[in-house]
Amino acid sequence: MNAKTELLPTLFSYIAVGTVAASVFSKTVPELLSAFLGTAGQLTGKRCYAFVGRNGLRRRKLLASLMKTMEKEGMYLKTSDILGTAAEAEAIGSRLRIEKSKM
């Protein structure tokens, strides 16, 4: 799902949230993502996975910033990664238990 879409993540029991560095030296989460999570509905207690792309020089700080943003919304971080390739992302995604919530 893209942060610009209309679908709310509250429909899911496990949420994966990722971002890439806006510039080579970027270490903060894009404002669009922070705003989306702030208005995305009830995220408190949702199990989640945080990841960032391997571009940029401050990947660890960007990942820490993303995790802090998610925890501020009450999300429960299960794991996090810095991903380098699409194949790596697909392999990790296949192991995650992402399913719709039973409402």
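How many aromatic pairs does the structure hold? The structure holds one aromatic pair, where rings of Phe, Tyr and Trp (its six-membered ring) pair if their centres lie within 6.5 Å, and where planes under 30 degrees apart count as stacked, over 60 as edge-to-face and the rest as tilted. The ring centres of Tyr-49 and Phe-51 lie 5.6 Å apart and their planes meet at 25 degrees, so this pair is stacked.

Residues are numbered from 1 along each chain as its sequence is written, and side-chain values use heavy atoms, with hydrogens and water left out. The mean pLDDT of the chain (pLDDT being the predictor's confidence in each residue, from 0 to 100) is 84, and 86% of the residues reach 70 or more. Confidence is highest in helix 2 (residues 59-72), at a mean of 94, and lowest in helix 3 (residues 86-95), at 85. Where pLDDT is low, the predicted coordinates should not be read in detail.

The chain has three helices and three strands, these being DSSP runs numbered from the N terminus (helices H or I with at least four residues, strands E with at least two). Along the sequence they follow the pattern β-α-β-α-β-α. Strand 1, helix 1 (residues 31-38) and strand 2 together make a right-handed β-α-β unit; a crossover is right-handed if, with the strands pointing away from the viewer, the path from the first strand over the helix to the second runs clockwise.

Strand 2 is also joined to strand 3 (residues 76-83), with which it runs parallel, by seven bridges. The chain passes from strand 2 through helix 2 to strand 3, and this β-α-β crossover is likewise right-handed. Five of the seven residues of strand 2 are buried, so strand 2 is largely enclosed by the rest of the structure. Here buried means under 20% relative accessible area, exposed over 50%, and partly exposed in between (1.4 Å probe, protein chains only).

Tyr-49 is buried, with a relative accessible area of 3%, whereas Phe-51, at 25%, counts as partly exposed. Phe-51, which is found in strand 2, stands opposite Asp-81 in strand 3; the two are 30 residues apart in sequence, yet their C-alpha atoms are 4.8 Å apart in space. Leaving aside neighbours within four places in sequence, Phe-51 is in contact (heavy atoms within 4.5 Å) with Ala-16, Val-17, Gly-18, Thr-19, Leu-63, Leu-66, Asp-81 and Leu-83. Ala-89, in helix 3, is partly exposed at 32% relative accessibility, and its C-alpha atom is separated by 9.2 Å from that of Phe-51, 38 residues away along the chain.

Two further residues carry the description beyond the strands. Ser-26 is found in the loop between strand 1 and helix 1 and counts as buried at 10% relative accessibility; apart from neighbours within four places in sequence, Ser-26 is in contact with Ala-21, Arg-58 and Leu-62. Thr-69 has its place in helix 2 and is buried, with a relative accessible area of 13%, and, with neighbours within four places again left aside, Thr-69 is in contact with Val-29, Ser-34 and Leu-37.

The totals for the chain complete the picture. Buried residues make up 32% of the 103 residues. Of the contacts with a separation of 6 or more, 79% are accounted for by residues 24 or more positions apart. The chain exposes about 6,600 Å², of which carbon and sulfur atoms supply 54%, the areas coming from the Shrake-Rupley method with a 1.4 Å probe, and for residues only the protein chains shown count as cover.

Definitions and conventions
Predicted model: local features only at pLDDT ≥ 70, side-chain atom pairs only at ≥ 80, totals over all residues. Pairing = 2+ DSSP bridges.
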